Amino acid sequence: MRILSIDSATECASCAVIDENKLLGEISLNHKKQHSVILMPMVDNLLKSLELTIKDIDGFVVSKGPGSFTGLRIGMSMIKGLSQGTNKPFVSVSSLDALAYNMAYTGGIICPILDALRDNVYTALYSFKNDNLIKLTDYMALHIDELIEMLKQYDCSVTFLGDAANKFKGKLQKSFDKTHFAPNNLNLVKASSLGEVGLSLLNSGIKDELFSTAPIYIRKPQAVREYEKRTGLDING
Amino acid sequence: MNSSYYLGVIFVDFVIDSVEKTLAIGKKIGQLANPGDIICLIGDLGTGKTHITKGIAEGLGISDNITSPTFTIVNEYSGRLKLNHFDVYRVSDPDEIYAIGFDEYIFSESVSVIEWANYIEELIPEEHIRIIINKLPSHGENFRKITIEGYGDRYDYLKEIQI
């Protein structure tokens, strides 16, 4: 099965074509958020360079979030359109899973963090055991301080990656004895990682419904707390 | 015009007597604005919030005609800097605005102008400009008091506004 995957959940726009045997090609541009302008031409270029047309693609994988609101909608609508037009299945995968997958074979906890603004991050905790990526928590939107508290309960090394890793690097280093940060070449959401996860889902018959699938947005409770702190009012009262 | 500085907040106020002067104040702000600035406009219907925005757009070098995004919630324009023009008058719950990706608009390199920002107080960051416009019927139909408050050092440039 040959699949096209795209990821637009962060600043990085990425597309890849993979099958069971290899990664045929991938384009990633980690420069300004301009997915609506560049993503479709990138896919077009990639297919042309691989001497493929959209008819040669057997399925699609897209990021389902959490992540950039606008980015997710662009990616989701694009892949839904391609899926409907070609009558081929698609499946959505979290970019957090894909990021964690970048760090396959890493010991301890793998903690992808995406910038959710106002000092919040989108995250989930993972570990890699017996060649499998294990998700230890649900997808969360947390204040960075809450994440640090949560991680302190696990007594092991933590590897951070994602677009918020650089932003909070100093703070994270100060908070833990053993922290690692992904090298830059692994520190972006790659459509190939997303595709790798999605391909195995599609191969096992798991696919998304065209009309009911929607990106997942996780609420940031922080805005509520800021409001209550500033005004002294209970938002529900 | 009066300007003062108290506990890190800059206050500037004007009493003006024409739409042209409202535009001129907006234009000056637009010329001075920096990427990521957030400008909240508060005032009743017909006080001139959209006129201030027209001035800001002109100051940002935007030549498009600015209309109030009452139904679209936000309009985007390109000039020296990008401008996001919000009108949240029709919003009944701040969650609605949050849910259109508000944070990505305001925490960007664009300048954001938000009409009726008092409706979504909880979503406005601590550092922002607040412009309050009141009619002065005792002075005459076209008279307005325009109070500009700058929260945060980044808005020190407000001191330079003169008309």
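Modeller: What follows is a chat about confidence, helices and a few loop residues. This is a predicted model, in which local features need pLDDT of at least 70 and side-chain atom pairs count only at pLDDT 80 or more, while totals for chains, interfaces and linings use all residues. Residues are numbered from 1 along each chain as its sequence is written, and chains are lettered from A and ligands numbered from 1 in the order in which they are written.

Biologist: What is the mean pLDDT of chain B?

Modeller: Chain B has a mean of 93, with 99% of its residues at 70 or more, where pLDDT is the predictor's confidence in each residue, from 0 to 100. Chain A averages 91, and 92% of its residues score at least 70. For the complex, the predictor gives an ipTM of 0.74 and a pTM of 0.82.

Biologist: And where in chain A is confidence lowest, and where is it highest?

Modeller: Confidence in chain A is lowest in helix α7 (residues 222–231), with a mean of 56, and highest in strand β4 (residues 59–63), at 98. Helices (H or I, at least four residues) and strands (E, at least two) are DSSP runs, numbered from the N terminus.

Biologist: Let's turn to α1 of chain A; how many residues does it have?

Modeller: Helix α1 of chain A, residues 35–49, has 15 residues, and from its first C-alpha to its last it reaches 20 Å, close to the 21 Å expected at 1.5 Å a residue. The expected span is 1.5 Å times one less than the number of residues in the helix.

Biologist: Which of its residues are buried?

Modeller: In α1(A) the buried ones are H35(A), L39(A), M42(A), V43(A), L46(A) and L47(A). They sit on the same side of α1(A), because they cover an arc of only 125° around the axis, the arc being that of the directions from the helix axis to the C-beta atoms. A residue is buried if 20 or more other C-beta atoms lie within 10 Å of its own, exposed if 12 or fewer, and partly exposed in between, with C-beta atoms placed from the backbone.

Biologist: Why would residues a few places apart point the same way?

Modeller: An α-helix has 3.6 residues a turn, so residues three or four places apart point the same way.

Biologist: What is exposed on the other side, and what covers the buried residues?

Modeller: On the other side of α1(A), V37(A), P41(A), D44(A), K48(A) and S49(A) are exposed. The cover over the buried residues includes β1 (3–7), β2 (13–18), β3 (23–29) and α2 (69–86) of chain A. Contact here is when the C-beta atoms of two residues, placed from the backbone, lie within 7 Å.

Biologist: New topic: at what angle do α3 and α6 of chain A pack?

Modeller: Helix α3 (residues 95–102) and helix α6 (residues 191–203) of chain A pack at about 105°, and their axes are 8 Å apart. Axes are lines fitted to C-alpha atoms, for helices over the stretch in contact, and angles run from 0 to 180 degrees between N-to-C directions. The pair α3(A) and α6(A) is therefore roughly perpendicular, given that angles under 35 degrees count as roughly parallel, over 145 as roughly antiparallel, 65 to 115 as roughly perpendicular and the rest as oblique.

Biologist: Is the peptide bond from G65(A) to P66(A) cis or trans?

Modeller: That bond, from G65(A) to P66(A), is cis, with omega near 0°. P66(A) lies in the loop between β4 and α2 of chain A, and it counts as buried because it has 26 C-beta neighbours inside 10 Å. Apart from neighbours within four places in sequence, its contacts include L114(A), Y122(A) and Y139(A).

Biologist: What about N130(A), what is its phi?

Modeller: N130(A) has a positive phi of about 45° although it is not a glycine. N130(A) is in the loop between β8 (126–129) and β9 (132–135) of chain A, and it is exposed, with 5 other C-beta atoms within 10 Å.

Biologist: And in chain B, where is I73(B)?

Modeller: I73(B) is in the loop between α2 (49–59) and β4 (74–78) of chain B. Its phi is positive, about 70°, although I73(B) is not a glycine, and with 17 C-beta neighbours inside 10 Å it counts as partly exposed.
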